[in-house]
Amino acid sequence: MKVDERKGPQAPNVGGPGAIQPAAGTASPSAPSATDQVSVSDTARRLAQLRAEVGDVSVDAVRQEKGLRAVMAKGQYSADLEDVARKLLREVLGGLLG
């Protein structure tokens with residue numbers, strides 16, 4: 001895909017008039033040449049690693065967290081203590097047993 005600053009993303013011209021054709025005597029488009037290379041920046045590598053660890057974060061999840069923060073800031077949040085204790089015990093016992 002080609003990005004043109006003035007027009008935004010544009011689909012590549014795959015066929016028809018004006019399409020890019022290989023020069024005579026070169027490999028076909030389906031056979032990559034030995035000189036093709038791809039480089040990925042350290043930032044892109046780190047971003048991919050974080051996505052793998054965290055997964056996709058939806059907009060709804062971010063909104064819920066912001067809403068929860070606002071409720072907590074006002075002092076209106078009350079947790080279900082039994083649920084918190086149950087989850088804490090599962091995590092601790094799971095760490096010890098497995």
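Is Asp42 buried or exposed? Asp42 is exposed, at a relative accessible area of 63%; the classes used here are buried (under 20% relative accessible area), exposed (over 50%) and partly exposed (in between), with a 1.4 Å probe and protein chains only.

1. Basis. This is a predicted model, in which local features need pLDDT of at least 70 and side-chain atom pairs count only at pLDDT 80 or more, while totals for chains, interfaces and linings use all residues. Residues are numbered from 1 along each chain as its sequence is written, and side-chain values use heavy atoms, with hydrogens and water left out.

2. Overall layout. The protein chain has three helices and two strands, arranged along the sequence as β-β-α-α-α. Helices (H or I, at least four residues) and strands (E, at least two) are DSSP runs, numbered from the N terminus. Of the 98 residues in the protein chain, 3% are buried. The accessible surface of the chain is about 9400 Å², and carbon and sulfur atoms hold 56% of that surface. Accessible areas come from the Shrake-Rupley method with a 1.4 Å probe; for residues, only the protein chains shown count as cover.

3. The structure contains four salt bridges, a salt bridge being a side-chain nitrogen of Lys or Arg within 4 Å of a carboxyl oxygen of Asp or Glu. One of them joins the side chains of Asp42 and Arg45, with an N to O distance of 2.7 Å. The two residues are three apart in helix 1 (residues 42–54), so about one helical turn separates Asp42 from Arg45. Arg45 is partly exposed, with a relative accessible area of 46%. An α-helix has 3.6 residues a turn, so residues three or four places apart point the same way.

4. Helix 2. Glu65 and Arg69 pair through their side chains in a salt bridge of 2.6 Å, N to O. Here the spacing is four residues within helix 2 (residues 59–73), which again puts about one helical turn between Glu65 and Arg69. Glu65 is partly exposed at 43% relative accessible area, whereas Arg69 counts as exposed at 55%. Helix 2 has 15 residues and reaches 21 Å from its first C-alpha to its last, close to the 21 Å expected at 1.5 Å a residue; the expected span is 1.5 Å times one less than the number of residues. Just after helix 2, Gly75 takes a positive phi of about 80°.

5. Helix 3, charged side chains. Arg86 and Asp83 form a salt bridge at 3.6 Å, N to O. They lie three residues apart in helix 3 (residues 81–97), separated by about one helical turn. Arg86 is partly exposed, at 39% relative accessible area, and Asp83 is also partly exposed, at 26%. Through shared partners, salt bridges link Asp83, Arg86 and Lys87 into one network.

6. Helix 3, span and cover. The 17 residues of helix 3 should span 24 Å at 1.5 Å a residue, and the end C-alpha atoms are 24 Å apart, in agreement. The helix is hardly covered: the count of buried residues among its 17 residues is zero.

7. Nonpolar patch. Leu88, Leu89, Val92, Leu93, Leu96 and Leu97 make up a nonpolar surface patch with about 670 Å² of accessible area together. Patches are made of residues with over 30% relative accessible area and no salt bridge; like charges are joined within 9 Å and nonpolar side chains (Val, Leu, Ile, Met, Phe, Trp, Tyr) within 5 Å. Val92 lies in helix 3 and is partly exposed, with a relative accessible area of 43%.
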